Amino acid sequence: MPHDDAVWTKPTAAVRHVRVKETVRILVVGGGYVGMYTALRLQKRLKHEIRSGEAEIVVVEPRPYMTYQPFLPEAAAGAVSPRHVVVPLRRVLPGCRLLVGEVRRIDHARRTATVSTPATEETGGEDLSLPYDLLVLAPGSVPRTLPVPGLAEHGIGFKTVEEAIGLRNHVLEQLDIASSTRDPAVREAALTFVFVGGGYAGVEALAELEDMARYACRYHPAITPDDMHWILVEATDRVLPEVGGEMGRYVLSELRGRNVDVRLETRLVSCEDRLVVLSDGSRLPARTLVWTAGVKAHPVLESTDLPRDARGRLRCTAALRVQGTDDAWAAGDAAAVPDLTAAGPAAPGRHGPGPGTGPAGECAPNAQHARRQARTLADNIVAHLRGTPQKEYRHRYAGSVASLGVHKGVAHVYGRKVKGRPAWLIHRGYHLSRMPTFNRKVRVLAEWTLAGLFKREIVPLGSLEHPRAEFEAQVRRGEGPGGGAGT
Ligand SMILES: Cc1cc2nc3c(=O)[nH]c(=O)nc-3n(C[C@H](O)[C@H](O)[C@H](O)COP(=O)(O)OP(=O)(O)OC[C@H]3O[C@@H](n4cnc5c(N)ncnc54)[C@H](O)[C@@H]3O)c2cc1C
């Protein structure tokens, strides 16, 4: 396999005419659900073309791994190690070229992407220009934020493995702070955990972390679970719409039964100076504010010459082609794809006719659609190359599963509603089966098995985020009075 930087050496127009076989370069932007699964299928279906040099797949992704986001809440709770919720792209995509970097701009009229890489950022060099023939745009989504005073300074997101592990360490550190202070105001703020947004990410993250913190209280004689104040703030009148109305109400009663303070039809007004102010008038000193209030299409799409809808997503046909093009495809959270299985016009609000359908009769942004769309998308690229008809994406939403902590969960799949331990087992079984690669499945299963045999890990390792702090402090001490060479 040629070296990574060979991606810049695509034959120019000047030399193309002397080549017998022209290499078709397929550029995949993003190595998440859609990007990785599309590349996996393309490398399988275009095996011979890749070997003969007729096709080349280049995946551009800022991190050299795909994150299995549904496992982030379990990673935050310590049930799965961070390394096992990510999939190394270099290992699973040996037939593709991985370029670690960020696409900054797409000029589709010129079939060129502008990419910044760690090297260009390090040296302050110019972004690189990457030519392509066919484009797959799958940069996913980013948190949908609002101009709430204090949010940028104190809010914590929950979309990456770094955030999940950072939050775990942060929560455990708050227990240490509360245990070691005599100041009631510091203690109250340390033991108040506010989550904004009652979708998958917010509910699962809160439920898993509350469960973990409740367990950790056993090792803090000065804290009982009742001393903690966990608050879920949701702007609409329900939580977890993905599992339907009845199961959503069950989630509410389960959380409230655990003393979680769920505030529906409530918004975050501000969170300056670690004081959380809500629209119901409450003022809560809190050192933890997690923002999971929905997602919006990735802003890189604004720097393309491709058509977007009012919400910034790429307008796509049911065959996952970007409207008005015949050589650009998109899917996942970044794409507005018609849901051909939608029963009727969309109801106003967050979701359409069914939980798997988005606001305007389009596929909702979730992993279930993203993974299946990737398959159709890759097949359509192969069909395009072979001159055969492309297929429309059609998938009837199967339902949803969610974990609410160890042995607790909720599921609404194929019309069947399940709760408690059986739902938790369905959640684990489903996600284990979906976790990419056999290697990762075995590792996750081994971790779950060991967790059943031994006690939970409750050590905060926040200092890992500052590995040089200890050494720097030593150096500074050495430079101070009495320090210096020879001492
Ligand atoms: C905590 C959490 C839990 C979830 N749980 C569930 C669940 O249980 N079930 C479910 O169905 N869905 C769940 N989801 C939603 C699901 O994970 C997403 O819908 C899915 O990941 C979307 O796939 P995607 O490929 O569009 O985006 P992603 O998987 O997010 O991939 C996008 C990729 O593009 C990369 N990228 C971004 N910008 C650029 C750029 N400029 N250049 C190059 N690359 C770029 C990103 O780094 C990322 O790797 C969950 C999401 C979260 C955050």
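How many residues of domain 1 are in contact with residues of domain 2? The answer is that 23 residues of domain 1 are in contact with 27 residues of domain 2, where contact requires C-beta atoms, placed from the backbone, to lie within 7 Å. This is a predicted model, in which local features need pLDDT of at least 70 and side-chain atom pairs count only at pLDDT 80 or more, while totals for chains, interfaces and linings use all residues. Residues are numbered from 1 along each chain as its sequence is written. Let's walk through the structure topic by topic.

**Two domains**

- The protein is assigned domain 1 (22–141 + 297–386) and domain 2 (151–293 + 406–453); such bounds come from an automatic or database domain assignment.
- Between the C-alpha centres of domain 1 and domain 2 there are 29 Å.
- On the side of domain 1 that touches domain 2, the elements that give two or more residues are α4 (72–77) and β4 (86–88). Helices (H or I, at least four residues) and strands (E, at least two) are DSSP runs, numbered from the N terminus.
- Helix α4 gives the largest share of that side, with 6 residues.
- By residue type, that side of domain 1 has 16 nonpolar, 5 polar and 2 charged residues. Here Ala, Val, Leu, Ile, Met, Phe, Trp, Tyr, Cys and Pro count as nonpolar, Asp, Glu, Lys and Arg as charged, and the others, Gly among them, as polar.

**The ligand and its shell**

- Around the ligand there are 33 residues, and the closest are Gly-30, Gly-32, Gly-140, Gly-332 and Asn-366. A residue is near a molecule if its C-beta atom, placed from the backbone, lies within 6 Å of it.
- Two or more residues of this shell come from each of α2 (33–45), β2 (55–61), β6 (102–107), α10 (200–216) and α12 (367–386).
- The shell around the ligand holds 18 nonpolar, 10 polar and 5 charged residues.
- Why does the ligand lie between domain 1 and domain 2? Both domains give residues to the shell around the ligand, so it lies between them.

**Helices that pack together**

- Helices α2 and α12 pack at an angle of about 35 degrees, and their axes are 8 Å apart. Axes are lines fitted to C-alpha atoms, for helices over the stretch in contact, and angles run from 0 to 180 degrees between N-to-C directions.
- The crossing of α2 and α12 is right-handed. A crossing has this hand if the near helix is turned clockwise from the far one by less than a right angle, and is left-handed if anticlockwise.
- Among the residues that meet here are Tyr-33, Tyr-37 and Arg-41 in α2 and Ala-370, Ala-374 and Ile-381 in α12.
- The contact of α2 with α12 includes 11 nonpolar, 2 polar and 4 charged residues.
- Helix α8 (residues 161–180) packs with α10 at an angle of about 35 degrees, with axes 11 Å apart, and this crossing is right-handed too.
- Leu-167, Val-171, Leu-172 and Leu-175 of α8 make the contact with Leu-209, Ala-213 and Ala-216 of α10.
- That contact of α8 with α10 has 7 nonpolar residues, no polar and no charged.

**Sheets and strands**

- Strands of a sheet pair through backbone hydrogen bonds, either parallel or antiparallel.
- An open sheet of 5 strands has the order β11-β18-β12-β13-β14, with parallel pairing; two strands pair if DSSP finds at least two bridges between them.
- Its edge strands, β11 (155–156) and β14 (261–263), each pair on one side only.
- Strand β12 (residues 192–196) and strand β13 (residues 229–233) are joined in the parallel sense by 5 bridges, and the bridge partner of Thr-192 is His-229 in β13.
- Helix α8 lies across β11, β12 and β18 (288–291), and runs at about 160 degrees to β18.
- An open sheet of 3 strands has the order β23-β24-β25, with antiparallel pairing.
- Its edge strands are β23 (399–403) and β25 (416–419).
- Strand β24 (residues 409–413) is joined to β25 by 4 bridges, and His-412 stands opposite Lys-417 in β25.
- Helix α11 (residues 245–257) packs on this sheet, where it touches β24 and β25.
- Strands β6 and β7 (residues 112–116) run antiparallel and are joined by 5 bridges; Glu-102 has Ser-116 in β7 as its bridge partner.
- The hairpin of β6 and β7 has 4 residues between the strands, and Arg-111 in the turn has a positive phi of about 50 degrees.

How values were computed: Contact = placed C-beta atoms within 7 Å.
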